[in-house]
Amino acid sequence: MNKDTVMEPNAMQLPSERIVERSDLYSIKSSTVRTPDETPLPTRVKAREVSVFYGAKQALFDVSIDVPERAVTAFIGPSGCGKSTFLRCLNRMNDTIEGCRVTGRIELDGADVYDPQLDVVELRARVGMVFQKPNPFPKSIFENVAYGPRIHGLARNKTELEEIVVGSLKKASLFEEVKDRLHEPGTGLSGGQQQRLCIARAIAVSPEVILMDEPCSALDPIATAKIEELIDELRANYTIVIVTHSMQQAARVSQRTAFFHLGILVEEGPTETIFTGPREKRTQDYITGRFG
Ligand SMILES: Nc1ncnc2c1ncn2[C@@H]1O[C@H](COP(=O)(O)OP(=O)(O)OP(=O)(O)O)[C@@H](O)[C@H]1O
Ligand SMILES: [Mg+2]
């Protein structure tokens with residue numbers, strides 16, 4: 001344990017998982033995550049000078065970031081710093097919040113996400129979202145996953161629909177646990193299973209990007225480990241952005257980390273750089289638990 005951290009009165013009041021030395025975080029990462037790709041990955045989502053206002057109050061200030069494909073990008077930072085706000089900009093979920101205004105530019109594969117001509121329903125299929133609290137529909141497990149493909153007309157017949165549902169449940173590492181009760185309610189599953197069901201539901205419409213806002217915060221450590229393992233597998237085929245309050249989780253699952261503070265993107269880069277040699281003192285103070 002870092003001596004400074006132990007002596008810091010504020011840090012003493014933080015949850016113990018915050019009080020971790022940076023070198024500990026790095027060793028967690030090196031022991032559990034495969035070597036990050038050295039070659040730069042192509043950018044999937046590009047944000048430039050994005051600001052967000054809730055009425056007169058500005059919540060985000062000129063955020064610019066490139067999110068690479070086939071990698072996990074973690075958004076970290078203290079409560080209220082704008083992580084969820086920025087995440088919601090990426091698939092225009094902020095459109096649904098009254099009084100919320102977004103300025104700047106966000107591109108998905110080079111196309112303007114805020115183009116008035118753009119079909120927002122289609123955008124949200126391409127950029128799927130998984131929330132903090134698992135939110136299965138009050139329908140069967142099968143219907144939860146079949147819902148998206150059905151409304152987007154992705155299956156030509158019943159057999160194709162079944163293939164999509166089974167394939168998505170398998171990709172979400174849930175199929176084996178639910179194969180005998182596909183027609184029972186999704187809400188009857190455990191919390192961790194419900195979250196994997198929500199991931200299967202997001203995957204079922206073949207998204208390019210999956211946004212996850214604290215997907216493990218309502219889960220126990222075993223369910224959390226399963227979701228983290230799943231995220232690591234999914235990154236081979238998807239662009240993933242995850243908001244997390246757990247430094248360990250960011251270190252374990254992400255290849256890139258972005259640190260937000262007071263509505264500003266303070267610093268972004270390869271996860272190991274952010275955790276072992278950040279440029280900014282604010283980043284270092286946050287990841288060592290000096291505030292949060
Ligand atoms: N619907 C809303 N209406 C008004 N203000 C909002 C709304 N949603 C968020 N805010 C404000 O915008 C700022 C950023 O909030 P946001 O939820 O993005 O933070 P966060 O980093 O996700 O926090 P947390 O870690 O607690 O989830 C906060 O000051 C918050 O109060
Ligand atoms: Mg949030």
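By class, how many nonpolar, polar and charged residues does the shell around ligand 1 have? The shell comes out at four nonpolar, six polar and one charged, where Ala, Val, Leu, Ile, Met, Phe, Trp, Tyr, Cys and Pro count as nonpolar, Asp, Glu, Lys and Arg as charged, and the others, Gly among them, as polar. The model is a predicted one, with local features needing pLDDT of at least 70 and side-chain atom pairs counting only at pLDDT 80 or more, while totals for chains, interfaces and linings use all residues. Residues are numbered from 1 along each chain as its sequence is written, and chains are lettered from A and ligands numbered from 1 in the order in which they are written.

On to the overall layout. The protein chain holds 13 helices and ten strands; these are DSSP runs numbered from the N terminus, with helices being H or I over at least four residues and strands being E over at least two. Of its 292 residues, 41% are buried. Here, buried means that 20 or more other C-beta atoms lie within 10 Å of the residue's own, exposed means 12 or fewer, and partly exposed is in between, with C-beta atoms placed from the backbone. Two residues are in contact if those C-beta atoms, placed from the backbone, lie within 7 Å. Among contacts between residues at least 6 apart in sequence, 71% join residues at least 24 apart.

One open sheet has four strands in the order S2-S1-S4-S5, paired antiparallel; two strands pair if DSSP finds at least two bridges between them. Strands S2 (57-68) and S5 (111-112) sit at the edges with a single partner strand each, so one side of each has no neighbour in the sheet. S1 and S2 share eight bridges in the antiparallel sense, and lysine 46 stands opposite aspartate 66 in S2. These two strands make a hairpin with two residues between them, and glycine 55 in the turn has a positive phi of about 60 degrees. At the other end of the order, S4 (residues 100-108) and S5 pair antiparallel over two bridges, with glutamate 107 having aspartate 112 in S5 as its bridge partner.

Helix H4 (residues 83-90) lies across S1 (43-54), S2 and S4, and runs at about 120 degrees to S1. Axes are lines fitted to C-alpha atoms, for helices over the stretch in contact, and angles run from 0 to 180 degrees between N-to-C directions. H4 is mostly covered, with eight of its eight residues buried, including Lys83, Phe86 and Arg88. H4 also provides the largest share of the shell around ligand 1, three residues. That shell is made up of Tyr54, Ala59, Gly77, Ser79, Gly80, Cys81, Gly82, Lys83, Ser84, Thr85 and Ile97; a residue is near a molecule or strand if its C-beta atom, placed from the backbone, lies within 6 Å of it.

Arginine 92 has a positive phi of about 60 degrees, even though it is not a glycine. It counts as partly exposed because it has 17 C-beta neighbours inside 10 Å. Leaving out residues up to four places away in sequence, valine 120 touches Arg92 and Asp95.

S7 and S8 (residues 239-243) pair in the parallel sense over five bridges, and isoleucine 210 stands opposite isoleucine 240 in S8.

Setting aside neighbours within four places in sequence, leucine 211 is in contact with residues including Leu87, Leu90, Val127 and Val241.
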